[in-house]
Amino acid sequence: MAVFLLFAVFALLLLAGIPVAYALAAAAVAVIMYLDLPLILFAQQLGAGAGAISLIAIPLFIFAGELMLRGGISERLIALAGSLVGHIRGGLGQVNVLSNLFFGGVSGSAIADVSAVGGAMIPQMVKRGFDRDFAVNVSVSAALVALLVPPSHNLILYSAAAGGGLSIADLFAAGIVPALMMTGAMMITGWIIASRRGYAVEAFPGLRTVFLRLCSALPGLLLVILIFVGIRAGIFTAVESAAIAVVYALLITTLAYRSLRGAALFEACMHAARTTGSILFVIAAAGLFGWLLAYLGVPAATVEALRAVADHPLTVLLAIVIALLLLGTFMDLAPLILICTPIFLPVARAYGIDPIHFGIVLILAGGIGLITPPVGSVLFVGAAIGRIEVSQALRTIWPFYLAASAVLILVAVFPQLSLWLPAVWR
Amino acid sequence: MNTPPIATDALSRQIARLALLATGAAALGLIGMVAAQAWQVLARYALNASPSWTEPLTLVCLSTTLAFGAAAGVHARSHFSFPLLVLLLPPPWQRVLARIAGLVIAAIGLLLAWYASQLAWDGLFIPMAGAPLPQSAAFIPLALGGALMALFALAQLRSTEEKA
């Protein structure tokens with residue numbers, strides 16, 4: 001009954017338009033009162049939910065992303081992507097995908113990322129003659145590429161939700177091949193659609209331009225490399241790497257590029273603070289919700305329930321993927337990771353599925369859920385930016401959706417795709 | 001992310017100022033986290049020392065950013081929600097649900113303010129391991145942030161009622 005109450009109150013409040021964090025917290029309060037537990041547990045577990053040391057990396061990566069976006073680092077990375085792939089059919093669509101690979105999810109929320117990056121890319125694509133539905137679909141699908149690339153923090157969140165015992169360096173390494181596969185799948189899909197629709201091809205700007213833009217964007221690329229190498233080599237922890245990323249982005253944007261000063265720097269800090277506060281509160285509330293799930297024995301019950309109906313690890317993994325795709329349609333990725341990891345990871349472990357591999361599958365499935373027709377939340381944000389009806393985007397998003405699903409299935413079925421690189425680098 | 005609403009009357013202007021202060025406090029928390037962690041790296045490699053205070057201080061800064069940033073998010077209406085079904089309802093129902101949302105946020109804020117204050121008071125005179133701070137320092141911003149969340153939610157309810 002308590003489990004039903006927890007999920008029912010949460011779902012009702014969410015559907016009533018109450019923000020995710022408050023819906024999670026209110027559902028937890030309802031169950032704490034129902035179980036006659038002391039209400040002080042609410043504040044205690046909420047504080048504990050955001051108090052894990054590994055979570056500190058998240059606000060700092062969001063801050064670094066904000067500085068990159070406002071200080072011109074992202075702009076230069078987009079320019080580099082433009083010179084590399086802008087001449088391929090699909091032009092800015094290809095640039096959009098590659099840019100997401102270069103600088104990852106900048107804001108900490110897939111929904112906010114599409115608002116930030118799509119807000120810049122979609123109008124430009126429309127201006128250059130691309131149909132609005134193509135511009136929207138390529139932007140929301142390209143956000144999937146960013147899920148696994150630093151400074152996107154999804155893997156850190158997964159590590160924390162898994163109890164903090166998983167190596168963040170291994171998780172980052174495990175995300176590289178799936179991220180590259182998703183990049184390839186989205187670029188090929190974009191190319192096919194662009195060819196069919198007969199979009200114009202832009203001229204190759206020449207190797208000199210590519211070289212100049214590479215030089216200009218090098219500090220931004222080095223930031224991602226710094227994070228990877230720093231953690232992998234044990235020079236600093238994930239949390240320290242995030243702080244170094246902020247200092248580095250600050251030095252580059254204020255001293256080298258001289259693009260972020262005075263009022264703009266102040267505004268970047270204030271915007272990052274507001275965004276971070278909202279996301280951290282979701283994380284804290286999801287921590288409270290997750291604690292109640294564990295208290296009510298939901299993870300163990302899920303393992304038992306799945307054992308009764310499935311006996312092969314792959315069957316279980318696919319069942320979890322379907323559940324995640326459905327949940328992802330109405331929940332942003334951060335709460336999805338925090339709520340689903342404690343429930344599904346014990347199931348995965350019970351069936352001998354590697355937790356690193358499972359984390360990559362979980363994030364990909366949750367991310368695809370965000371663009372799943374007809375109610376994927378990122379899809380709605382993209383359609384609003386592109387000023388089209390969601391139904392218009394839905395009619396033509398299927399190729400991107402199928403391509404993303406194909407990558408997900410490949411990554412789920414072949415664990416080597418995510419586990420090979422961590423093993424090589426270990 | 002939405003931009004904060006424009007204040008029209010005196011009370012709304014005071015609330016807007018308070019929201020700006022809350023955002024500023026959250027930003028200071030963010031800068032504090034960066035400074036503490038960057039110092040940890042610098043001290044380890046340049047001074048050959050690992051200060052113990054950086055981790056507890058960072059957690060207090062994290063709590064500050066969380067609580068004040070989330071409160072500012074209530075004022076700016078920038079918390080993530082799923083308004084799809086609400087938008088399909090007729091306007092009178094939308095107003096009812098907006099009131100319920102405001103009340104739920106205010107109630108959560110008040111609960112957080114009340115119980116986080118209790119936790120903060122309980123550990124106020126116990127020293128924190130590793131840093132010269134009270135053990136319950138992280139709960140102080142949570143209590144203040146909770147109160148601000150309730151205040152901003154109630155102010156929004158008031159403006160919704162006035163518009164209706």
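**View 1. Polar contacts between chain B and chain A.** In this predicted model, 3 residue pairs are in polar contact between chain B and chain A, counting pairs in which both residues have pLDDT 80 or more. On the chain B side that touches chain A, the elements giving two or more residues are α1 (10-46), α2 (54-76), α3 (84-88), α4 (91-122) and α5 (139-163) of chain B. Which of them gives the most? That is α1(B), with 15 residues. Sorted by class, this side of chain B has 38 nonpolar, 12 polar and 2 charged residues.

**View 2. The interface as a whole.** Let us step back and take in both partners. Here 52 residues of chain B are in contact with 58 residues of chain A. The size of an interface is often given as the accessible area lost when the parts come together. For chain B and chain A, the area buried between them is about 4,700 Å², and 82% of it is on carbon and sulfur atoms.

**View 3. A salt bridge from chain to chain.** Side chains of opposite charge can pair when their charged atoms come close. How many salt bridges does the rule find across the interface of chain B and chain A? The count is 1. Look for Glu240(A) and Arg44(B), which form a salt bridge with their closest N and O atoms 2.6 Å apart.

**View 4. A salt bridge inside one helix.** Over all chains, a search of the whole structure finds 5 salt bridges. One of them joins Arg70(A) to Glu66(A), and the closest N and O atoms are 2.4 Å apart. Both Arg70(A) and Glu66(A) belong to helix α4 (residues 57-70) of chain A, where they sit 4 residues apart, about one turn of the helix.

**View 5. Two helices of chain A packed together.** Helix α1 (residues 2-15) and helix α13 (residues 262-295) of chain A pack at an angle of about 155°, and their axes are 11 Å apart. Angles over 145 degrees count as roughly antiparallel, so α1(A) and α13(A) are roughly antiparallel to each other. Where they meet, α1(A) brings Leu6(A), Phe7(A) and Phe10(A), while α13(A) brings Phe289(A), Leu292(A) and Leu293(A). By class, this contact has 6 nonpolar residues, with no polar and no charged ones.

Methods. Residues numbered from 1 in each chain as written. Chains lettered and ligands numbered in written order. Predicted model: local features only at pLDDT ≥ 70, side-chain atom pairs only at ≥ 80, totals over all residues. Heavy atoms only, no water. Contact = heavy atoms within 4.5 Å. Buried area = accessible area lost by both parts, 1.4 Å probe. Salt bridge = Lys/Arg side-chain N within 4 Å of Asp/Glu carboxyl O. Polar contact = N/O pair within 3.5 Å; in protein donor to acceptor, adjacent residues only side chain to side chain. Nonpolar A, V, L, I, M, F, W, Y, C, P; charged D, E, K, R; others polar. Axes fitted to C-alpha atoms, helices over the stretch in contact; angles between N-to-C directions. Parallel < 35°, antiparallel > 145°, perpendicular 65-115°, else oblique.
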